[in-house]
Amino acid sequence: MLNIDDLKVSLEEEEKQIIKGLSLSIKPGEVHAIMGPNGSGKSTLSSVLAGKDGYIIDNGTVNFDGSDLLEAEVEERAALGIFMAFQYPIEIPGVGNMNFLRTALNSQRKTRGQEELNAADFLKLVRGIAKDLEISDEMMKRPVNVGASGGEKKRNEILQMCLLEPRFVILDETDSGLDVDAMKLVSRGVNNFSSSSRSFLVITHYQRLLNYIVPDFVHIMVDGRIVKTGDKTLALHVEETGYKDFLQLGKGKH
Amino acid sequence: MTDNYEVRDVIDKETLSTVKSVGDTYKYGFSTDIETEYAPLGLNEDIVKLISKKNNEPKWMLDWRLKAFNRWKKLKQPDWALLKIPEIDFQDQYYYARPANMKEKPKSLDEVDPKLLETYSKLGIPLTEQKKLAGVIEENPEDKSENRRVAVDAVFDSVSVGTTFKEELKSAGVIFCSISEAIKEYPDLVKKYLGSVVPISDNFFACLNAAVFSDGSFVYIPKGVRCPMELSTYFRINAENTGQFERTLIIADDNSYVSYLEGCTAPQRDESQLHAAVVELVILDEAEIKYSTVQNWFPGDENGVGGIYNFVTKRADCRGRNSKVMWTQVETGSAITWKYPSCVLKGDNSSGEFYSIAITNNMQQADTGTKMIHLGKNTNSRIVSKGISAGKAQNTYRGLVQIGGRSQNSRNFTQCDSLLIGNKCGAHTVPYIEVNNSSARAEHEATTSKVDEDQLFYCMQRGIGEEDAVALIVNGFCKEVLQALPMEFAMEAQKLVAISLEGSVG
């Protein structure tokens, strides 16, 4: 589904390479976790996959279901089925949640050449999802993420995911700022959504989220490279000993 | 459809699909091919007399005009606004134009030239009493709650071509007609109130208007009457090289209420055209007027060629106790806008509100805001201004809050937000606050921001294209003001916000 081959990425503003040769292959139905210390390039990877401005691709390719992902516009990637749950969901004052969701959904459908969903069907759909995620009507009426707590914002991201039905989901530090109950709720949303045709890339600093969203593969990222790949036990190892064992691996490749 | 946000949701969807479907930025740029009768070029006493004669006016009206004309000759065009106004040759334009077949004003709508009716229907303003304004039915068929009707006075160049629902309004005691008709039919009311809010020599453009105004709307709501429907005037400039000078006078007598809408468009032409209107509102004890404008005059092309010069004086006089006025304006058109709808709060406990969206794109310039003059005790005013600049446009908010020595316990709140799109445009805020009273309180909040890259990225990651995302964010920025508009106008305004910002990103 997703093939990243020897990707090297620099910041546009300063000549600084953040991702220094990263390869990763994700098949349908797989859950991959990327763990790493702060500044290792995890969030840059998710931004580059989603198409955010401000980065220069120095080398490498990203192929998504046979098409060159790096050539596509941000909204085209979304319509192809790429979704990123933001670490810090953005507030949009004055724009109602419902309006935002419906605009997003119908924009994607239009790009894919599908018919737009009418108001009644849309409301039914979104209310069902909101109920599962314990998101109140009041929250749905508010402007996008405005006045929402950290937990509410993250649940809102999961709601958007469930509504837009992407095939490839990036969870960017979704666990940050969540208490245990909120993390369980979010994880349940993700697990209910997972299927044999959908893949996840879970980016996290801590292991605890991976107790709830169980990965097939765990990659340790240090200084812009994947330095170690293993199964879920690798995450437990990190939890016990920290990243210090891996920092050396990163440096060794210079 | 029950909840309000669901209704709005449908509108926003409309907004976005309209943006997609409208290829040409200014969709009202067509002109109507109709035989037009002009007054001779230029301005002198004879022209003033001619306009008065065309309207069959009584002598007192002509005298009033001539007095204004003589004052105007001595006045100078104001130059204090933050505007670059090309020199206007007041002798090189026409001051009166009317469709030739309007010599005899049609007695009913059935007699109006089909070409004119067609023009208005193309603009979304059907001049028939069966239909509602601006295609509300087509756009929102599920919405039964908003089953309101709107009476329209249609002004084409210099004349009113027809007024709908006149009889029905009359039975409620409401007078709604063209001002030329009111001068003849209701001279006492006109004599009493005309010029009482905006005096003849108030300013250069108002004075010019007083001399040459050709038509406009007149409304009188009698004591204790709540006007049974929204009233509206739709101004259309069609003739070339012709100024439009209309005058609106609305009187809300004790304990009455009216909501009034005003819309404007003009054909796309290379020559700039002058529009200098005057609007006077008189609000007596316990009465309330809501006045909403969606101004969409042709803004000129992207190089600043052509467009309407919109120099307008609008003022509300809250004469009565507990009287209320609310101005809401959405200014998206015109090459140059010079406009400060004001509230004179004379009556004790009276209140004035001003909600404004001013959008300037390409080479447009706007210097707009309000004046809140507090004279009575316990008076309240509220100003919410949203300025949006894109392209190379300049957008200035200019507002005066004045609280007089005898205006005890009066309050003002001003919120003034500017949004910039791109880095070649400008936003300016010029507040004047004069408080001569220790019990008064005036608050002023101002912000300037840019359309946030993170907000755009967030929208686009969810699949929304860049222009739609900008429209969505800007509509959100304006929401407080859009909500102050009547439903029909809110829809139109949301579309306009999107359309007028086309091409502003990327």
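This is a predicted model: local features need pLDDT of at least 70, side-chain atom pairs count only at pLDDT 80 or more; totals for chains, interfaces and linings use all residues.
The structure holds 7 cavities of 30 Å³ or more. Chain B and chain A bury about 2900 Å² between them, and a search of the whole structure finds 24 salt bridges over all chains.

**Second largest cavity**

- The volume of the second largest cavity is about 80 Å³.
- Its lining comprises 15 residues, of which S385(B), K386(B), G387(B), N395(B) and Y397(B) are the closest to the cavity centre.
- Five strands of chain B each give two or more residues to this lining: β17 (351-360), β18 (365-374), β19 (380-389), β20 (394-403) and β21 (411-420).
- Divided by class, the lining residues of this cavity are 9 polar, 4 nonpolar and 2 charged.

**Extent of the interface between chain B and chain A**

- On the side of chain B, 27 residues are in contact with 37 residues of chain A.
- The size of an interface is often given as the accessible area lost when the parts come together.
- For chain B and chain A, this buried area is about 2900 Å², with 63% of it on carbon and sulfur atoms.

**Polar and charged pairs across the interface**

- Between chain B and chain A there are 2 salt bridges.
- One salt bridge joins K52(A) to D454(B), with the closest N and O atoms 3.5 Å apart.

**Composition of the chain B side**

- The chain B residues that touch chain A divide into 11 nonpolar, 10 charged and 6 polar.

**Salt bridges in the whole structure**

- Over all chains, the search gives 24 salt bridges.
- Within chain A, E91(A) forms a salt bridge with K153(A), and the closest N and O atoms of this pair are 3.1 Å apart.
- This pair links distant parts of the chain, since its residues are 62 residues apart.
- E91(A) lies in the loop between β6 (82-85) and β7 (92-96) of chain A, whereas K153(A) belongs to helix α6 (residues 150-164) of chain A.

Definitions and conventions. Residues are numbered from 1 along each chain as its sequence is written. Chains are lettered from A and ligands numbered from 1 in the order in which they are written. Side-chain values use heavy atoms; hydrogens and water are left out. Contact means heavy atoms within 4.5 Å. Buried area is the accessible area (1.4 Å probe) that two parts lose on being put together, summed over both. A salt bridge is a side-chain nitrogen of Lys or Arg within 4 Å of a carboxyl oxygen of Asp or Glu. Ala, Val, Leu, Ile, Met, Phe, Trp, Tyr, Cys and Pro count as nonpolar, Asp, Glu, Lys and Arg as charged, and the others, Gly among them, as polar. On a 1 Å grid over the protein atoms alone, a cavity is a set of points where a 1.4 Å probe fits but cannot get out, and a pocket is an open set with protein on both sides within 12 Å along at least five of seven lines; lining residues have an atom within 4 Å of a point. Grid points are joined across faces, edges and corners, and a volume is the space filled by probe spheres set on the points. Helices (H or I, at least four residues) and strands (E, at least two) are DSSP runs, numbered from the N terminus.
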